[in-house]
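Subject: Structure handover

Hello,

Here is the structure you are taking over. My notes on what was found in it follow below.

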Amino acid sequence: MQRLQNTNGQLKNYNTTRIQKTAQAQQLKPGYDRRLKAPIKFNVYFEPNTANAELDGRLGFKVVIAPNTTEKSGSVPTKKRDDYLEPARQFFEMRDFTRREFQNQFELKQSTADSYLQQWAAQGELAKYSSGTSKVTYYSFDQEKIQKASSTQKSDSVFTQKLNDYLEQIRRVFEMRRFTREELQKELNIEKSTAARYLAIWLDEGQIHKYATGSRDKGTQYTFDSEKGGERDYSGYLEEAKQVFGMERFTRSALQKHFKFQEYQALNCLNEWINDLHLFKYSLGKSDSLTEYTFDENKGGDRDCLEQAKIEFGMRRFKRAEFQKKFQLVEDTALKRLNKWVDDDGVLFRYLSRQGDRFTQYTFDRNKGGIRETTGDNRVIYGYKNPGKHTKVGVQILSKGLRADSPQPIQATSAEYHKKMARYDSKRPDSKYENFGYELACLGHGPEGASDHWNRIGHTQTKDQNMEWNNNPDNYWGPEHKVESQASSSKADEFKPPSKERDSHPSWWSKNP
């Protein structure tokens, strides 16, 4: 027992002492077992190594001689909390340090290190604080920081008392009814941010209860009555909404504006009324941004924009993306609507090369529907690849629209000048585009486009002849803006396939031209 308790006058930390004394007990056991008669055995059991075991400055153990069960308890002294104070002060000096650094330096458990630091901070031996927005707690033996921390603790105490006084004041004023943050501000004569801070503290402490439709509800109310807190429903707005909108259709934004809702609140309100069968939706589908709502069941249902689409697109071909953008739909809803008009109603016709053609177009003109003939890039195949804007021909074409007020001196034949300095007006007839730069400029065919030339005469010529025509600046009216160029391309006729029957040049259709 005495041999285990002996420390030779040197106290060590709990973990080191435990390791050394466990090893010592194992060395003692064989000698005692030999001196005892079998089946009697000698054993040493140390106290459980729990989180707080080292706080009392001792390592407890029990010597058990069994089976006659003789027990004796003892302990080995270890370093106590204050035994670490001066070494810690000397090691860290005036610099800031964390609990982890203290724990690692003195080989302590996390809970022990936390306990020691908390006690020293409470006794004013060191300062405890967080740096800026960091959640890491720092400690310091710097006297200035210790004094500042002490002042902060006193300030916190004063603040807590002030907060409790305010709480009792508003409890008397508002009693069990609901109140808003604005009412709290007015009653206590405080700023908005201060009121929000007080409310957050009281909510966290469970002193008051929130009545709202979410964390961002601008109409949030508060109450001391727990039964009046919780999730707010929208049934109280129903009658007023009926009076305001009557039996006419209205939008989500109109409801949102009238009741000063956030967008998500307006949507929650509308969905609640729809689920309760008070309200009916009028839309193309789930993601229709033009969805309207009505209290008249006969005015709800599926919004069919067929007539609007006929007016918008007429008899020309159009793409799904164009329809989608015009009617503010998501891709899935747009496709479902177009497919319904094609497959179910038979009023719309596809123009495509094959099933799944990503260039599929649609038209209300039956004669413009059907199979789209395609073999790679027809413009290139038939000899209508445009010259680059930086080439000699490209520069000549761009110069047709070069503005007189372009930066001086004007260098009409310089590709570098065109790239970096030139300004253009579109030469497309009736164009509204003026004063744009090289990046937005396209080479505009005119008056005859590439597909028009091909369909008229190009298919009767060789590819070289078509390339010669396409590289002649005389067949371009000049630069045009990128936007109008793309729009005209989508409306241009397709390149019709060459054939013997069309009297096309043999090089396009014959194996032996």
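A residue is called buried here when its relative accessible area is under 20%, and exposed when that area is over 50%. Please keep in mind that this is a predicted model.

Helix H14

Helix H14 covers residues 331-344, which is 14 residues. From its first C-alpha to its last, H14 reaches 19 Å, close to the 20 Å expected at 1.5 Å a residue. Its buried residues are Thr 333, Ala 334, Arg 337, Leu 338, Trp 341 and Val 342. These residues lie on the same side of H14, because they cover an arc of only 165° around the axis. What do they pack against? Their partners are the strands S12, S13 (318-319), S14 (349-352) and S15 (361-363), together with the helices H12 (306-313) and H13 (320-326). On the face turned away from the buried side, H14 carries the exposed residues Lys 336 and Asp 344. Just after the helix, Gly 346 has a positive phi of about 65°.

A sheet of three strands

Strand S12 also belongs to an open sheet, in which three strands follow the order S11-S10-S12 with mixed pairing. Strands S11 (292-294) and S12 (301-302) are at the edges, and each has a single partner strand, so one side of each has no neighbour in the sheet. Strand S10 (residues 280-283) runs antiparallel to S11, and three bridges join the two. In one of the residue pairings, Tyr 282 has Glu 292 of S11 as its bridge partner.

Aromatic pairs

The search of the whole structure gives 37 aromatic pairs. One of them is Phe 318 with Phe 364, a tilted pair at 6.0 Å centre to centre and 35° between the planes. Phe 318 is in strand S13 and Phe 364 is in the loop between S15 and strand S16 (370-371), so the pair ties together parts that are 46 residues apart in sequence. Phe 318 is buried at a relative accessible area of 1%, and Phe 364 is buried at 9%.

Tyr 384 and Phe 495 also form a tilted pair, with 5.9 Å centre to centre and 50° between the planes. This pair links distant parts of the chain, 111 residues apart: Tyr 384 is in the loop between helix H15 (378-381) and helix H16 (392-399), and Phe 495 is in the loop between helix H20 (482-491) and helix H21 (506-509). Tyr 384 is buried, with a relative accessible area of 0%, as is Phe 495, with 11%.

Ring pairs also build a cluster from Phe 313, Phe 318, Phe 323, Phe 327, Trp 341, Tyr 362 and Phe 364. Among its members, Trp 341 is one of the buried residues of H14.

Thr 360

Thr 360 sits in the loop between S14 and S15 and is buried, at 13% relative accessibility. Its C-alpha is 7.9 Å from that of Arg 320, which is 40 residues away along the chain. With neighbours within four places in sequence set aside, Thr 360 is in contact with Lys 319, Arg 350, Tyr 351 and Leu 352.

Cysteines

How many disulfides does a search of the whole structure find? The count is zero.

Regards

Technical notes:
Residues are numbered from 1 along each chain as its sequence is written. This is a predicted model: local features need pLDDT of at least 70, side-chain atom pairs count only at pLDDT 80 or more; totals for chains, interfaces and linings use all residues. Side-chain values use heavy atoms; hydrogens and water are left out. A disulfide is a pair of cysteine sulfur atoms within 2.5 Å. Two strands pair if DSSP finds at least two bridges between them. Helices (H or I, at least four residues) and strands (E, at least two) are DSSP runs, numbered from the N terminus. The expected span of a helix is 1.5 Å times one less than its number of residues. Buried means under 20% relative accessible area, exposed over 50%, partly exposed in between (1.4 Å probe, protein chains only). The arc is that of the directions from the helix axis to the C-beta atoms. Contact means heavy atoms within 4.5 Å. Rings of Phe, Tyr and Trp (its six-membered ring) pair if their centres lie within 6.5 Å; planes under 30 degrees apart count as stacked, over 60 as edge-to-face and the rest as tilted.
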